Amino acid sequence: MAAQHGLEAHSHGNVPIQTRSERPRSTSVSDFPEISNRQEIWRYVPLDKLRGLDKEVMGELSESEVTAELASGTSMRWVDSTDPLVGSAGLPEERVAAAAWTNASKTLVIEVEAESETTDASFVKIAANTAEANALHVVVSVGNHAKATIALDHLGQGVLGENVEIVLGDGAQLNFVTLQEWESGSTHVSTQFSKLGRDSSLKHVVVTMGGDLVRVVPAVSLSSAGAEVNMYGVYLAGSGNYFEHRPYVDHIAENCVSNVAYKGALQGAGAHTVWVGDVLIRESAVGTSTYELNRNLLLTDGARADSVPNLEIETGKIEGAGHASASGRFDDEQLFYLMSRGIDEDQAKKLVVRGFLSEVIQKIGIESIEQRLISAIEAELEKAGA
Amino acid sequence: MTTLEIKNLHVSVETDQGSKQILRGVDLTIKSGEIHAVMGPNGSGKSTLAYSVAGHPKYEVTDGQILLDGEDVLEMSVDERARAGLFLAMQYPVEIPGVSVSNFLRTAKTALSGEAPKLREWVGDLRDAMGNLRMDSDFTERNVNEGFSGGEKKRHEILQLELLKPKIAILDETDSGLDVDALKVVSEGVNRAHADNGLGVLLITHYTRILRYIKPDFVHVFVAGKVAEQGGAELAERLENEGYDRYTKAAV
C-alpha cells in the first residue's frame, strides 16, 4: 500500500478549514451535536460500538475497580469532582469526553510530591467488569521538580468513558503510560489532557492491545517555555479491533520540543486502526521543534490502517517541523531472508513484527511492561497462526 | 559427502507482461569440497539459478529437478532447504529494522541445529569469526543490514556462512561492489569454510577478479538461461581475455 500522505498540500475535501484551536470546549453534553460519521472527528468510528458512551447519562466506575501499587512519593485518593484540581489541564472538545466529564462525580487523584524522585514505577490498575457505560475522571499531578513513572493499566471487560488530566509542575519529569488491554466486548474512549510547566518534560506512551473500540486522544498543551513532550504509541490490532489514536500537540510557548512516534501492526479481516496526528504551532511558539511519525505494518489481507498527519504552522520562526506517515504490507523479502537461514515462517514473522515495533517499545522504559508487550505480541501472532 | 544435483532446470518469473522464462534447462552437479564458478553476462539467469535453489517464491520451476543427496529440494520450504544444508549469500541482502545481528544470528543458529548454542562457545565462535572478517565487535548490536555499507553487507553474509556451516553454499555476486581489501577478506572467509567444513561452493560472478582469490575446480559459462560451455580454471582465464562476446553473438 502506498503512503497515505504525499508531498502535496493536504486535502481537506469540502470540509471548511478549521484550525484545531477553534474547536468549542465544554463539559456539557448538550453543547455538542449527536455523533455521526459525517463529523470529521468521528468519521472512522464504528458508532454501533460506542455502547452508550455518547449518552447524557451513564454510570460511574466504582472505586473498587481501581487498585494501585505506588512508588514512594506517589499517593492516590478520590476527591469530589468539584475539587479545583479538576479541569486545570483542559476541557472536552467533543460529546463523549463531555459525557464522561459530567457523569464522573468523583475524581481519582494520583499525586507526586514536589521534588520527590524515583525510578520505580507506580501501577494503577483499572479493571472494569460490566457491559454498562461508565465514566471515570483521573487527575495526575506531578509537583515541581519531581520525577516519576506512572502506568494506567486498563483491562477486563468494560465500557469506559475516561478523561485523564496530567499536570506537570515546573521542571517536573513524568513517564506516563496508558495501556489498553481490554477483552473483547469492551469499548474505551479516553481523552487525555496534559499541561506542562516550565522546563518540564513528559513522556506519554500509549499501548493498545485489545478492545472492540478503543479511542485514545492525548492532547498536550505546551504553554510554558522550555517544556518537552515525547509521545509514543504501540498498537497491535486483530480481527474485531478498532483502535483510534489522535495525538495532539499545541505549541503555544517559546522553545518547546515535541516528538510523536506511533507504530502499529494489524492482522486479520476487519482489523482497523486510525491515527490522526495534529500539531499546531501558534504564532507565539517561536523556536519550536516538532516531528511526528506514524507507521503501520499490515500482516494480512483485510486489515486497514488510516493515517493522517496534520501540521498547522502559524509562525515561520521555528527550529524545525516535520512529519511522516506510511502503511505497508508485510515484506516478503524480509521473510525470505530470515527463512533462507533456517528460521521457520512463524518465527520469522515474529522477528519482523517485534523488530518493527521495537523502536517504540524500547522507548517505554519500564522493563516489566516492555516484556509483557513482547509476550502479548507473540501470543497474538500465534493466535492467528500468522 | 553431499551432492547437489540440478537437472534440466526450467524456471519462469512472473512479470507484468506475463510469465517469462529465464532458465532453459540447466544441468549442474556440485559435491562437497568442490568449487564451481558460474560466469555469464548480465541477464543470463545466474541469479535466477541462485534464488531458485534457495526457494524464492518469485521464481516458478516449470520443469526439471533439484536434488540434495537424492532428496527433492523443490518439495522443501525455504527454511527446510536451509536446514538441509543449503545456503545463499545474497547480492542485495534486505534490511530488517529492529532485529539485531546478534539476535538474528543466534536465532538462525538455533533453528539450524535444533537447539540453542551454548552461550560461552557461541560468543567465542562469533568473536573469532568476526575477527577473521575484520569486523568490529559492536557490529552485532546493529540491526540486520540496516545502514550497512556494501562491504559490510557482504562480510555479514560470509560471517553467516562461517557460523551456520552449511554443506553447499551459493554465492550470488558476492564480489560485486567490493574494493580489493574487502574482496580479499571475504574470499578468505569462503576459503576457510571450504577448508574447514568441506563446503561445496557455487560461486556466481560476472567478473574473473574474485577467481584470483577463490580457485574454482570447474567453470561454467551461462548464456541465455543455460550452460553454454564448461571447463576448468583455464576457461575463466579465457573469459578474462575474450569476454562474453563469443557466446552472446552465438546466442543471437
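Predicted model: local features only at pLDDT ≥ 70, side-chain atom pairs only at ≥ 80, totals over all residues.
Start with the salt bridges. A:R20, A:R23, A:R25, A:E93 and A:D278 are linked in a network of salt bridges.

Stay with the segment before strand 1 of chain A, where A:E34 also lies. Is A:E34 buried or exposed? Its relative accessible area is 55%, so A:E34 counts as exposed. Leave out residues up to four places away in sequence, and A:E34 touches A:Q39 and A:R95. The C-alpha atoms of A:E34 and A:V96 are separated by 9.9 Å. Along the chain, A:E34 and A:V96 are 62 residues apart.

Now turn to strand 8 (residues 187-196) of chain A, and look at A:S194 in it. A:S194 has a relative accessibility of 2%, and therefore counts as buried. What does A:S194 contact, leaving aside its neighbours within four places in sequence? The partners are A:I166, A:L202, A:A219, A:V220 and A:S221. A:T191 lies in strand 8 of chain A as well. Its relative accessible area is 7%, under the 20% cut-off. A:T191 is therefore buried. Set aside its neighbours within four places in sequence again. A:T191 is then in contact with A:E94, A:A97, A:E162, A:N163, A:V164 and A:V217.

Next comes a backbone detail in chain A. The phi of A:E115 is near 65°. That is a positive value in a residue other than glycine. A:E115 lies in the loop between strand 4 (106-112) and strand 5 (117-142) of chain A. With 61% relative accessibility, A:E115 counts as exposed.

Further along chain A, a salt bridge connects two helices. A:E378 pairs with A:R354, and their closest N and O atoms are 3.1 Å apart. A:E378 lies in helix 4 (residues 367-383) and A:R354 in helix 3 (residues 345-364) of chain A, so the pair ties together parts that are 24 residues apart in sequence. How accessible are these partners? A:E378 is at 24% relative accessibility, so it counts as partly exposed. A:R354 is partly exposed too, with a relative accessible area of 31%.

Move to chain B and its helix 1 (residues 46-54). Why is this helix largely enclosed by the rest of the structure? It is because 8 of its 9 residues are buried. The buried residues are B:K46, B:T48, B:L49, B:A50, B:Y51, B:S52, B:V53 and B:A54. In an α-helix there are 3.6 residues a turn, so residues three or four places apart point the same way. Just after helix 1 of chain B comes B:G55, with a positive phi of about 95°.

The surface of chain B holds a patch of negative charge. Which residues gather in this patch? They are B:D69, B:E71, B:D72 and B:E75. B:E71 is found in strand 5 (residues 71-72) of chain B. Its relative accessibility is 51%, so B:E71 counts as exposed.

B:K165 is found in the loop between helix 5 (150-164) and strand 9 (168-172) of chain B. It is partly exposed, with a relative accessible area of 46%.

The last stop is a salt bridge in chain B. The side chains of B:R246 and B:E242 meet at 3.2 Å, N to O. B:R246 has a relative accessible area of 34% and is partly exposed. B:E242, at 40%, is partly exposed too.

How values were computed. Residues numbered from 1 in each chain as written. Chains lettered and ligands numbered in written order. Heavy atoms only, no water. Patch = residues over 30% accessible without salt bridge, like charges linked within 9 Å, V, L, I, M, F, W, Y side chains within 5 Å. Areas by Shrake-Rupley, 256 points an atom, 1.4 Å probe, with all protein chains shown as cover. Salt bridge = Lys/Arg side-chain N within 4 Å of Asp/Glu carboxyl O. Lys, Arg positive; Asp, Glu negative; His and termini not counted. Charge placed at Lys NZ, Arg CZ, Asp CG, Glu CD. Helix = DSSP H or I, 4+ residues; strand = E, 2+ residues; numbered from the N terminus. Buried < 20%, exposed > 50% of the residue type's maximum accessible area, 1.4 Å probe, protein only. Contact = heavy atoms within 4.5 Å.
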